[in-house]
Structures are given as C-alpha cells and as structure tokens.
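I opened my notebook to look up a few residues and ring pairs. Here is what I wrote down as I went.

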Amino acid sequence: MSLARRLSAPLVWALLLAALMLLMPLFEEVFRLVAPDTRAVIYQRDSFVSLVASHLLVVGVASLCAIVLGMGAAILVTRSWGRDFLPLVSQLASIGQTFPPVAVLALAVPVLGFGSQPTIVALVLYGLLPIVRNTLVGIQGIAPGVMESARGMGMSGRQILWQVELPLARPVIVAGIRTSVTINIATAAIGSTIGARTLGDPIIAGIVNGNTAFILQGALLIALLALCIDSLFERLQ
Amino acid sequence: MSSVTGEHAAAQRPDLTPAPNPVLLVLIALAATALAGLPLISVQPNRIMPGEGLTLWAIGAAPALLVAVVLLAGLAWLAWRPTRRALRLALAAVWLLLALLPWALVALAAQQVDPAMSSARIGLGAGLWGGLFVLLLALLELINRLVLTPLQRWGLLLGLGLSLLLALTGGGLDSLALMREYHGRSAAFHAALRYHLVLVAAVVGISLLLAAVLALAMRRWSRLRRGTFSVLSVLQTIPSLALFGLLLAPLAYLAARFTWLGDLGVRGIGWAPALIALVAYSLLPMTRNAYVALDEVAADVTDAARGMGMSSAQVFWQVRLPLALPVMLEGIRITAVQAIGLAAVAALIGAGGLGTFIFQGLGQAAMDLVLLGALPIILIALLVDGMFSALAEQLRRIQGRGDTAHGG
C-alpha cells in the first residue's frame with residue numbers, strides 16, 4: 001500500500017508546484033484578470049525555476065545546519081557529563097521561540113551585511129529552537145525502565161543513544177524538524193528584503209510596483225512549496 | 001522563606017563542598033572574552049560614515065575595568081564552590097553587573113562624544129551585545145539553581161528595567177545611535193507602537209471570539225472537528241508574506257466594488273489584509289487550545305456538578321469554563337506572541353506598526369533604525385509571554401489550592 005499512497009499527497013503538491021513554475025507564462029491571461037492595467041503580467045526578472053531552486057537551497061542549507069547543531073546540542077546536554085547545562089539550554093530554547101523570526105532576520109544584517117548569508121544564519125538560529133526543544137522532550141520522555149533495561153543488557157552509551165534513545169524519540173524529533181523547516185520556508189521569503197534571492201522577490205516587487213499579478217505568482221509558489229514539504233513531513237512522522 | 005534556606009543548607013552538609021558549577025564557569029569565560037576581546041562600542045561622526053570600533057583596551061577606563069575584572073573573578077570563585085550562599089552572592093553580582101551596564105554606557109558616552117558635535121553617535125558593538133547576552137544567561141542559570149519564586153524573579157527583572165529606563169530618560173544616553181534615531185522620529189515611534197499593540201489586541205480578541213464559537217460548535221457536532229482542524233493547519237502552513245500577498249487582490253477588488261468598504265478603510269494595502277491574515281494564523285493555536293481545554297475537564301468533575309443539581313448552563317459557566325481557563329490562556333499567549341512578530345511583517349503591505357522601522361532601516365541600510373523596530377518587538381513579545389505564563393501559573397495555583405481546601 002502504500003508507498004504510492006503514502007507519497008500521493010506530497011506528489012500532487014510537487015506536481016502542481018512544478019507545473020506552475022515551468023508553465024507560468026501560459027497563465028498570462030489568468031493573471032491579467034487580477035492586474036489588468038499593468039504592462040508586464042508575468043514576473044520576468046528571474047526565472048521561477050531558479051527562484052524556487054534558490055529558495056530551496058537557502059532553506060535546505062539552513063535546515064541542515066539547524067538539525068545537526070540542534071540535535072547535537074540536545075544530545076550533549078542529555079548525557080551524564082553534560083547534564084549541568086540541561087536546564088539552561090532547555091529554557092533558552094523555549095524563550096528563544098518567543099523571538100519573532102523577522103526580528104532575528106533584521107538583527108542578522110548589522111552583523112553580517114546583506115545577502116543570502118545573513119538570511120541563512122538567521123534561519124539557522126531560529127530553526128534551532130524547535131529542534132532542540134523537541135529532541136530534549138523526545139529523549140527525556142523515554143520511560144526510565146526502558147533505559148535501565150538497555151543498560152542491564154550491557155549496551156554501551158553510544159549503543160543506547162543510537163539504538164534506543166534516537167529511534168524512540170524519532171516522532172517527536174521529526175515533528176520539531178517539521179516546525180523548523182515550515183517556519184524557515186516562510187521566513188526565507190522575508191529574506192528577500194535583505195537581499196537574499198528567494199520566492200519573496202516577486203512578492204516584494206509586486207508590493208513596490210503595485211502589481212498584484214507578481215504578488216500572486218510569488219505567493220502561490222511559496223504556498224505550494226510549503227504545502228509540498230509539509231505533507232512530506234506528515235508522511236514521515 | 002528563611003526556613004527553606006535553612007533546610008537546604010542543612011541538607012548540603014558543610015563538610016561536603018559541592019562540585020564546581022561548569023555552566024557558570026563557561027559563561028563567565030565567555031563574558032570575559034566578549035567584553036575584553038570584541039569592540040564594545042563604535043563612535044560614528046554622523047549617520048552615514050562607518051564608525052570606528054573601540055575595544056575595552058582602547059577605551060582604557062581603569063576604574064571601570066577594575067570593577068568588571070573584580071566582579072568576574074569573584075563570580076568565578078563563587079562558581080567554583082557553589083554553596084547556596086555562594087550562588088546568592090553570584091546572583092547579586094550578576095544582577096549588579098547588568099544593572100550597571102547602562103550607566104557604564106552613560107559614562108562612556110560622556111567620555112567619547114563631544115557634546116558640541118550633535119551628529120556624532122555611539123553604536124553598540126558586538127562585545128557589548130555578546131556580554132549582555134551571556135550575562136543574561138548567567139542570570140537565568142542562577143535563577144534556575146536557586147529556584148526563585150515568581151515574585152522574586154519579577155522583582156529582579158523590574159529592577160533591571162528601572163535601571164535601564166532611568167539611564168535612558170536621564171539623557172545620558174542621547175548620543176547613542178539608537179536614541180538619535182528615536183529622537184528623530186519619536187512621534188512616529190509612539191504612533192507605531194500604539195498601532196502595533198492595537199493591531200495585536202484586535203487580532204487576539206477577534207480570534208478568541210471566533211475560536212470560542214468554533215470550539216463550542218465542534219463540541220456539539222463532533223464531525224466538524226476533523227475538517228476544521230485540517231483547514232486551519234493548512235492555513236498555518238502558508239507563509240505569512242504569501243498570505244498577506246494573496247489577500248491584496250481580493251480586498252482591492254472588494255473595495256473597488258463596494259464603495260462603503262473602501263470608506264471604512266478596507267483596501268488591498270493597509271490594516272485590512274493584515275488583520276485578516278493575522279486572525280487566520282491565530283485561529284489554529286487558539287481553537288486547538290480552547291477545544292482541548294474544554295474537552296479535558298474531567299468527566300467526574302462535571303458529573304459531580306450535575307449531581308449537585310446544577311443546570312447544564314451552570315456547569316459550563318461555573319465549572320467547565322473556569323477549569324479550562326489556564327489552558328485557554330496558553331492559547332492566548334501563543335497567539336499573542338505569534339501575532340506580535342507577524343504584525344512586523346505586515347508593515348511590508350503598508351499596515352504600519354513597528355515593522356515599518358525595520359523595513360525602512362533595511363532599505364536605507366540604517367541599522368540603528370532596524371534596531372529601533374526590532375528591539376521593542378522582541379521586548380514586547382518576551383513581556384507578553386512572561387505575563388501570560390505567570391497568569392496561567394497563578395490561576396493553576398489558586399485552583400489547586402481551592403481543590404485542597406474543599407478536599408480538607
């Protein structure tokens with residue numbers, strides 16, 4: 001059953017996304033309906049394919065870093081020798097979540113300048129928090145009896161981590177990664193205001209020029225991308 | 001309070017000195033590195049010219065240096081033998097360092113900026129931000145270790161806030177680049193702040209009402225539940241910028257079609273799309289919490305209330321709703337914090353608010369203007385988060401006490 005069935009929803013979104021990004025010019029007449037008075041109806045400054053690729057690259061790099069760093073930090077502070085840092089790290093992760101992503105993005109600029117780089121750094125910083133928190137919750141939620149019997153079977157600390165803790169905590173950790181990636185897809189679009197090349201470009205151009213068609217094109221592609229990735233995670237969980 | 005301390009001290013046995021606290025030691029090392037190694041401030045002749053970064057050594061204020069070194073060394077010593085008394089002393093030292101920070105800046109500003117040069121300004125450097133961040137972490141760690149009561153925690157924070165406020169209003173920090181930007185547009189800043197708060201309050205109010213209706217409807221017709229939640233979670237996945245953008249066209253069309261809407265101020269750009277999009281985002285956390293809260297009230301409690309002869313309306317208003325309140329408050333907290341951040345994005349579609357300064361500043365490459373927008377947003381988010389958390393905690397405590405009182 002099921003690989004096909006399991007992949008069907010992400011596949012539908014992905015096909016829609018691919019169709020829209022490749023065939024956007026064919027829909028010129030549709031977009032003319034929402035922006036009848038403008039000369040250029042289809043966003044031309046960049047191809048949509050390259051914008052989607054660039055958006056995915058920014059989100060992908062940032063998410064990968066956030067996963068490695070976030071899970072790493074959470075694993076470190078749940079070992080016996082790192083436990084002193086646990087209360088601080090877990091509190092930091094929950095306080096950090098109240099920081100608005102836009103503010104984090106804006107504050108990265110004075111340090112790193114404009115472009116994709118500060119966007120990626122801000123996305124990593126912000127994306128870390130849900131991953132750290134969920135990895136902690138996942139590992140700490142394992143019943144003490146399970147850990148004891150693993151130890152009683154003579155498993156080493158590394159074996160317990162890889163064969164007991166991470167597999168058992170997986171659903172919660174994946175949920176954290178899902179939240180992180182979803183937020184990052186949305187925040188990366190705002191990265192266009194600090195010079196990153198993302199799907200936010202057409203939206204910003206549309207807002208500045210009062211061209212609703214541009215806005216609609218960017219918005220539709222981002223929404224499809226977000227739904228595609230989110231449904232993929234839903235299947236993974 | 002003192003009896004608790006006494007118990008702790010007795011439990012720790014004087015002959016057994018506790019192991020060093022590695023967290024504090026690492027934080028102190030980090031704070032020392034940040035404060036000593038990175039530029040603390042930069043002095044700019046005007047808004048455009050880049051500033052020259054000054055490290056602690058370049059400033060060379062010997063007495064201040066000495067105070068900082070003594071306090072940090074003392075902290076390290078206290079962290080090495082963290083008895084409860086040592087931790088209390090460390091808390092006092094960290095608090096003092098934080099409270100003195102604005103006044104150190106006042107002194108620095110007076111020393112570095114010639115009052116005759118009205119356009120010269122001081123930017124805050126990486127060392128100062130880093131040091132501030134690490135010291136706040138140390139404060140958090142100490143508050144954790146000492147298990148302070150909420151009242152004590154709020155007292156400490158209030159003291160720090162007062163110290164900062166006094167330094168800001170005293171005029172000693174007026175040469176700070178951030179304050180120069182503020183004084184240049186103080187009326188606009190206050191208007192934006194008010195607008196931001198009103199927008200967030202409206203969003204929270206409207207989504208609370210809608211969520212209450214939805215939650216009640218879902219309790220009555222359980223088949224509604226699945227559909228409603230899946231629609232709401234799809235809404236939540238759509239990126240904010242995209243949702244704002246998608247609302248522009250239909251609202252512009254409606255306003256053009258029905259002039260009375262346009263007269264109300266509904267347009268493709270402005271508060272209308274911002275309000276609708278923010279409410280759409282708020283509905284999921286709000287509805288989920290309202291539903292779960294009402295649903296989670298234990299059946300035996302409501303049964304008991306009914307057994308006492310309460311009507312179903314009475315059960316709802318006097319038993320179910322009060323017991324559900326803490327979880328509902330949690331939903332309001334999440335929604336409010338989220339709306340505070342997203343309202344900043346709404347500035348891009350002309351909705352105003354504090355986000356305006358962020359995007360203006362980014363457009364003009366004026367980083368202090370960005371700070372003027374971003375810092376208040378972060379502060380408001382933290383404050384709202386803290387207030388609602390404290391309120392929910394307080395409510396739970398009162399209800400818990402009420403239960404035991406009835407039981408006893």
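I began with A:Tyr43, which counts as buried because its relative accessibility is 4%, under the 20% cut-off. I kept in mind that this is a predicted model.

Next I looked up A:Phe48. Its relative accessible area is 6%, so A:Phe48 is buried.

Then I turned to ring pairs. I found 6 aromatic pairs over all chains of the structure. How are the rings of A:Tyr43 and A:Phe48 set to each other? Their centres are 6.3 Å apart and their planes stand at 45°, so I noted the pair as tilted. I reminded myself that the distance of the centres and the angle of the planes describe a pair of aromatic rings. Which residues do ring pairs link into a cluster? I wrote down A:Tyr43, A:Phe48 and A:Phe214.

I moved to chain B for another pair. B:Tyr182 and B:Phe189 are edge-to-face. I read 5.4 Å from centre to centre and 85° between the planes. B:Tyr182 has 19% relative accessibility, so B:Tyr182 counts as buried. The cut-off is under 20%. B:Phe189 is buried too, with a relative accessible area of 10%.

I also looked up a charge over a ring. The ring belongs to B:Trp221, and the charged end of B:Arg220 sits over that ring. I noted 5.6 Å from the charged end to the ring centre.

**First threonine**

I went back to chain A for A:Thr119. I found A:Thr119 in helix H6, which covers residues 116-140 of chain A. Is A:Thr119 buried or exposed? A:Thr119 counts as buried, because its relative accessibility is 0%.

I then listed the contacts of A:Thr119, leaving out residues up to four places away in sequence. The list holds A:Val58, A:Leu105, A:Ala188, A:Gly191, A:Ile194 and A:Ala196. A:Ala196 is 77 residues from A:Thr119 in sequence, yet their C-alpha atoms are 6.7 Å apart in space.

I checked the side chain of A:Thr119 as well. One of its polar atoms lies 3.0 Å from the backbone oxygen of A:Gly115.

My last entry is B:Thr335. I placed B:Thr335 in helix H15 of chain B, residues 312-345. B:Thr335 counts as buried because its relative accessibility is 0%. What does B:Thr335 contact, leaving aside neighbours within four places in sequence? I noted B:Ser207, B:Ser282, B:Pro285 and B:Met286.

Technical notes: Residues numbered from 1 in each chain as written. Chains lettered and ligands numbered in written order. Predicted model: local features only at pLDDT ≥ 70, side-chain atom pairs only at ≥ 80, totals over all residues. Heavy atoms only, no water. Helix = DSSP H or I, 4+ residues; strand = E, 2+ residues; numbered from the N terminus. Buried < 20%, exposed > 50% of the residue type's maximum accessible area, 1.4 Å probe, protein only. Contact = heavy atoms within 4.5 Å. Polar contact = N/O pair within 3.5 Å; in protein donor to acceptor, adjacent residues only side chain to side chain. Phe/Tyr/Trp six-rings, centres within 6.5 Å; stacked < 30°, edge-to-face > 60°. Lys NZ or Arg CZ within 6 Å of the ring centre and 35° of its normal.
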